[in-house]
Structures are given as structure tokens and as C-alpha cells.
Amino acid sequence: MTRLSPDARKSLLTLHLVTALGWLGADLVLLTLGVAGLRGADPGVVYPAAALVATWLFAPLSVLVWLVGVTSALLTPWGLLRWRWVVVKLGLTTVMTGLVLFALTPNLRAAAGPDATAHQRIDVVVAPAVSTGLLVTMTVISTWKPWGRTRRAVPSRRRPAAATAAGRR
């Protein structure tokens, strides 16, 4: 497996942080627009703006965060499946990216239309609120790196056959 130089690793980490912060920022913009829409702001302005943010910023950033995170995991000593915190972040990011691409973005486009339901417009608040909470949770996980290694990554501690046979006597 190819390892990165320290400068390349720092550059990749910086790119991951910048894209993740961009994702969080776009998430907060969507949440702000959703709350403004529910509080009476002009739906003809709020929901089309939210759809634009989701289509041109939020969705591409979610994919970019996932790609840079996987690349970083594969090219650094952390690995993709060695540490539980990395596996948890990979799972959460994968699920969130899928929801952004296949649920949130189409729903925001529908909420921008004249026939939008109240349920679709409430989703413009609920989805970014949940997403923001998950992004903050992943930030905490990245900072604290809890839970240790996965079983697969823990080297087996086998005793030599002679020691095992001697221990049974």
C-alpha cells in the first residue's frame, strides 16, 4: 500500500477539513432557509434558493468529502477498516451522502415547486438539522478517535506451539 509523504498527508487532511467544513456550512445555509420558509419568508424565494444550494453546493461537497475521506484512509496509516472510529465515520458519511443525493436534493427540488406539500417543506428543516448533528458528531469522533482497533486489525497473539504444550502439563 502506498503511503503519503508528511506534506502530502497534511495537504489531503486540509482538503478533507475544508470540504467537510463546506458541507457543514451548506448544511447550515439549508437549515436557515428551511426555518425562514416555515416562519413565513417568501416560499418563491426560499425553496428555490435551497434547491440551488443543495444541487450545486451541498450534493457535490458530500460526494467530495466521501471521496477525500476514503482516499485519506487508504493512503495513511489509519486505513479504511483498521479503526472503529474510521469505520463509523465511513458508514455515517456513506449513508448521509446517499440521503443527500437520492432523498434530500430531489425533495428540495420538489419543495421549490408551486405544489409543494407542508411535509416537503418541513423536511427542509428536519434533514439539515439531523445532518448538522451527525456532522458535529463525526467531528467529535475524529477529534477523540474512540473505540480502538477493529478485530480484523488487531494482530493475533498466538503462543508458540512449544509454550502451549508446556502450559498444558
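What share of the contacts in the protein with a separation of 6 or more comes from residues 24 or more positions apart?

**View 1. Overall fold and contacts of the predicted model.** Residues 24 or more positions apart account for 76% of those contacts, a contact being heavy atoms within 4.5 Å. The secondary structure comes to five helices and zero strands, and from the N terminus on the elements run α-α-α-α-α; helices (H or I, at least four residues) and strands (E, at least two) are DSSP runs, numbered from the N terminus. This is a predicted model, in which local features need pLDDT of at least 70 and side-chain atom pairs count only at pLDDT 80 or more, while totals for chains, interfaces and linings use all residues. Residues are numbered from 1 along each chain as its sequence is written, and side-chain values use heavy atoms, with hydrogens and water left out.

**View 2. Surface and interior of the protein.** The protein exposes about 10,300 Å², of which carbon and sulfur atoms supply 68%; accessible areas come from the Shrake-Rupley method with a 1.4 Å probe, and for residues only the protein chains shown count as cover. Of the 169 residues, 31% are buried, that is, under 20% relative accessible area, with exposed meaning over 50% and partly exposed in between.

**View 3. The nonpolar surface patch.** V63, W66, L67, L101 and F102 make a nonpolar patch of about 460 Å², where nonpolar side chains (Val, Leu, Ile, Met, Phe, Trp, Tyr) are joined within 5 Å and each residue has over 30% relative accessible area and no salt bridge, meaning a side-chain nitrogen of Lys or Arg within 4 Å of a carboxyl oxygen of Asp or Glu. Helices α2 (43-75) and α3 (84-111) each supply at least two residues of the patch, and α2 gives the most, with three.

**View 4. L67 in helix α2.** L67 lies in helix α2 and is partly exposed, with a relative accessible area of 42%.

Technical notes:
Patch = residues over 30% accessible without salt bridge, like charges linked within 9 Å, V, L, I, M, F, W, Y side chains within 5 Å. Buried < 20%, exposed > 50% of the residue type's maximum accessible area, 1.4 Å probe, protein only.
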